[in-house]
Amino acid sequence: MNFCDLISAGEDYEFTPVNFYHQTFESDYKMEFHSHRYYEIMYAEQGKFVLNVKKPRKTESVQVGSGQFVLLDSNVIHNISVNEKCRIFNFEILPRIQKNGDFSIKKFLLKLKSIVTMFSSFQDYIVLNDTRNILSLLKNIHFSLNNTENDRESEYLHQLLTLSLFISVGNCYMNNATNTQSIYVTKMLKAINDDLTADLSPVSFSKTFGVSPSYLHRLFKQCTNTTITKYVNGKRIEYAKSNLRNTNAPIMDIAVNSGFNSKQNFCSTFKKITGISPIAYRKKERQKEYNVPVNKTEVSKQKTYSL
């Protein structure tokens with residue numbers, strides 16, 4: 001069942017988690033081409049990767065940078081290649097005919113204009129900018145699946161998180177539509193993802209686009225629910241956190257490479273966002289990765305999360 005089928009299916013359906021992982025891929029990594037009958041989201045938390053999709057007469061390649069994610073349809077032959085160390089959040093789900101569920105997925109999706117529009121014209125994959133905090137949703141889903149209990153509360157939590165994910169992905173799709181307002185926001189997001197050390201202030205963007213800083217601020221807030229400055233600082237701190245976990249580089253070097261003009265400014269912003277200093281964070285948090293694939297032969301034995 002592909003995404004188009006979800007809209008036109010005669011029967012209702014439910015979703016079963018298949019695989020999920022949070023992993024760092026080193027540069028020069030290349031995955032084997034493969035396909036699967038479930039849907040997949042791959043989110044670049046840090047770094048970049050290239051998605052390669054095999055078509056009948058060619059292979060399409062698209063780069064996915066920090067703060068972007070891929071939504072991949074079922075039965076698409078694909079792989080990823082990494083030229084720059086990349087940290088990826090992954091979530092894979094399988095649609096199944098609904099048996100005894102409390103929620104009607106089909107009925108729910110048909111009420112969402114963004115989902116109907118996106119799925120009706122879906123072709124293999126789509127790369128979207130995260131304008132609706134998809135990363136936080138994926139983190140919550142991973143945490144929930146890692147700490148699940150066989151009780152009603154956990155089941156409803158999975159339902160609500162997956163529903164939120166669909167809604168937010170649909171909103172990201174609509175925010176990436178080709179209209180003048182979203183083009184400004186998309187270009188700002190790309191500039192932020194491409195180079196955190198650049199001048200990413202509202203004034204700098206306003207000079208680039210020839211519009212007022214207040215206008216850009218309003219557009220950005222409408223699309224992302226946060227300000228340009230907070231978004232940029234959040235990205236810079238995420239980059240710094242990765243370096244603190246994975247390297248022994250001096251704090252000053254990490255501050256400069258993350259886009260801060262001084263160690264004092266970096267430490268102040270870091271503590272404001274995380275609640276602790278960079279040094280304390282380095283001591284407390286070292287690289288934590290997990291890879292929790294569900295044995296595909298046991299998918300049918302999995303508890304089905306009915307939405």
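# Close-up views of a predicted model

**View 1. Phe 119 is a buried residue, with a relative accessibility of 1%.** Buried means under 20% relative accessible area, exposed means over 50%, and partly exposed covers the range in between, for a 1.4 Å probe and protein chains only. The model is predicted, and local features need pLDDT of at least 70, side-chain atom pairs count only at pLDDT 80 or more, and totals for chains, interfaces and linings use all residues. Residues are numbered from 1 along each chain as its sequence is written, and side-chain values use heavy atoms, with hydrogens and water left out. Phe 122 is likewise buried, at a relative accessible area of 9%. Both Phe 119 and Phe 122 belong to one aromatic cluster, together with Phe 3, Tyr 13, Phe 15, Tyr 39 and Phe 166.

**View 2. The structure as a whole contains 16 aromatic pairs.** The rings of Phe 119 and Phe 122 form an edge-to-face pair, because their centres are 6.5 Å apart and their planes stand at 80°. The rings of Phe 205 and Phe 209 form a stacked pair, because their centres are 6.3 Å apart and their planes stand at 5°. Rings of Phe, Tyr and Trp (its six-membered ring) are paired if their centres lie within 6.5 Å; planes under 30 degrees apart are called stacked, those over 60 edge-to-face and the rest tilted.

**View 3. Helix H7 spans residues 202-209 and has buried residues Ser 204, Phe 205, Ser 206 and Phe 209.** Helices (H or I, at least four residues) and strands (E, at least two) are DSSP runs, numbered from the N terminus. Phe 205 and Phe 209 are four residues apart in H7, so about one helical turn separates them. An α-helix has 3.6 residues a turn, so residues three or four places apart point the same way. Just after H7, Gly 210 adopts a positive phi of about 75°.

**View 4. Helix H9 (residues 228-246) and helix H11 (residues 263-274) have axes that come within 10 Å and cross at roughly 95°.** H9 is therefore roughly perpendicular to H11; this class covers angles of 65 to 115 degrees, while those under 35 are roughly parallel, those over 145 roughly antiparallel and the rest oblique. Axes are lines fitted to C-alpha atoms, for helices over the stretch in contact, and angles run from 0 to 180 degrees between N-to-C directions. From H9, Asn 233, Gly 234, Ile 237, Ala 240, Lys 241 and Leu 244 meet Phe 266, Thr 269, Phe 270, Ile 273 and Thr 274 of H11, where contact means heavy atoms within 4.5 Å.

**View 5. Glu 238 and Lys 241 join their side chains in a salt bridge, at 3.3 Å from N to O.** A salt bridge is a side-chain nitrogen of Lys or Arg within 4 Å of a carboxyl oxygen of Asp or Glu. Both residues lie in helix H9, three residues apart, about one turn of the helix. Glu 238 is partly exposed at 24% relative accessibility, whereas Lys 241 is buried at 16%.

**View 6. The structure holds seven salt bridges.** One of them joins Glu 26 to Lys 85, with the closest N and O atoms 3.9 Å apart. Glu 26 lies in the loop between strand E1 (13-25) and strand E2 (29-30) and Lys 85 in strand E6 (residues 78-97), so the pair ties together parts 59 residues apart in sequence. Glu 26 is partly exposed at 48% relative accessibility, and Lys 85 is partly exposed at 35%. Elsewhere, Glu 45, Arg 87 and Lys 139 are linked in a network of salt bridges.
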